[in-house]
Amino acid sequence: MFIKGIQKAAQAHQFVPIIFDANHNLELQDLYLEELIKRAANGLIIASATLDANDIDRILTRNGIPYLLFDQNDAQVGDRVWVDDYKGGQMAANYLLQSGHRRIALLIGENPTKNIQQRISGFRSVMRQYQLNLADDMIIETEMTKLGGYQAVDKLLAKAPTAVFTINDEMAVGLYRGLTERGLKIPQNLSIMGYDDIDLAQFVAPKLTTIRQPAFEMGRVATELLIERINDPRLDHQDRQLPLELIERDSVQTISNSPKI
């Protein structure tokens, strides 16, 4: 949806978007950046939490290429579009706690990027607020893919949580398959909460409760801001925060006998 938003806005302004996916591969990201500079791209939208924002600014400013950052919440350079991942983690924690869950696991990516770390920090902050502990052994690392979620099922079940917050929806979908293969039901045996609200979230059974990032809107707004920068390089710094939304569906069970918070 993020890419669709880019395409929609670019076409409306007679720009042709060229999309590269480096899949968190730093060498490939550097190569793409170098090639786009050589080919004199009009501007770049960089959706990466692994590239250093100051390095990006130095390279692209030196070459006179306008750019916009995404997934760089704490960047002090360049235009940017962002969501408050820290708040997103808080929203997830509050929802699970208010649903009566106290033994909660987190399923996160290996070598988490800054925006993922912010989601985790936000989640932890709410747990601390209610004097609840999120032990390190309740945080399970795996690939941030459907396969990663699927492969983490046994490790997750060994922790005996009543609920799990997956750091993205892709991992949640993998969990669905793994739990179903073991004869377990969602949310009766395990409540699952995701993050992103990808298309599949509405088509798995039960429908996935999640934190929605406005992906299409982020792509559209990022493109429009970049085009404004291309047309007028002297514009003041552009910084646009877009809202997150809790999407309540059917994958989280309410535990009625838990202590109130």
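Predicted model: local features only at pLDDT ≥ 70, side-chain atom pairs only at ≥ 80, totals over all residues.
Leaving out residues up to four places away in sequence, Phe 123 touches Gly 89, Gln 90, Ala 92, Ala 93, Leu 96, Ile 104, Leu 106, Leu 134 and Phe 165. Next, display the nonpolar core around this side chain. The largest nonpolar core holds 55 residues, and Leu 96, Phe 123, Phe 165 and Ile 192 are the members that touch the most others. In soluble globular proteins, nonpolar side chains tend to be buried together.

Now select Leu 36, Leu 44, Leu 51 and Tyr 67. These residues are among the 12 that make up another core, which lies apart from the largest one.

From Tyr 67, turn to strand β2, residues 67-70. Tyr 67 and Leu 69 point one way from this strand, whereas Leu 68 and Phe 70 point the other way. All four of these residues are buried. In a regular strand, the side chains alternate between the two faces of the sheet.

Four strands, in the order β1-β2-β3-β9, form an open sheet with parallel pairing. At its edges stand β1 (44-47) and β9 (239-241), each of which pairs on one side only. On average, neighbouring strands of the sheet are turned by 15° against each other, direction ignored.

The sheet may then be crossed strand by strand:

- Select Ile 46 and its bridge partner in β2, Leu 69. Four bridges join the parallel strands β1 and β2.
- Select Phe 70, which stands opposite Val 81 in β3. Three bridges link β2 to β3, and these strands also run parallel.

Is Ser 99 buried or exposed? Its relative accessibility is 6%, so Ser 99 counts as buried, the cut-off being under 20%.

The last stop is Asn 54, in helix α3 (residues 53-62). Asn 54 counts as partly exposed because its relative accessibility is 47%, and that category runs between 20% and 50%. Finally, select Leu 107 together with Asn 54. How far apart are Asn 54 and Leu 107 in space? The C-alpha to C-alpha distance is 30 Å, and the two residues are 53 residues apart in sequence.

How values were computed: Residues numbered from 1 in each chain as written. Heavy atoms only, no water. Core = buried A, V, L, I, M, F, W, Y, C linked by side-chain atoms within 4.5 Å. Buried < 20%, exposed > 50% of the residue type's maximum accessible area, 1.4 Å probe, protein only. Contact = heavy atoms within 4.5 Å. Pairing = 2+ DSSP bridges. Helix = DSSP H or I, 4+ residues; strand = E, 2+ residues; numbered from the N terminus. Axes fitted to C-alpha atoms, helices over the stretch in contact; angles between N-to-C directions.
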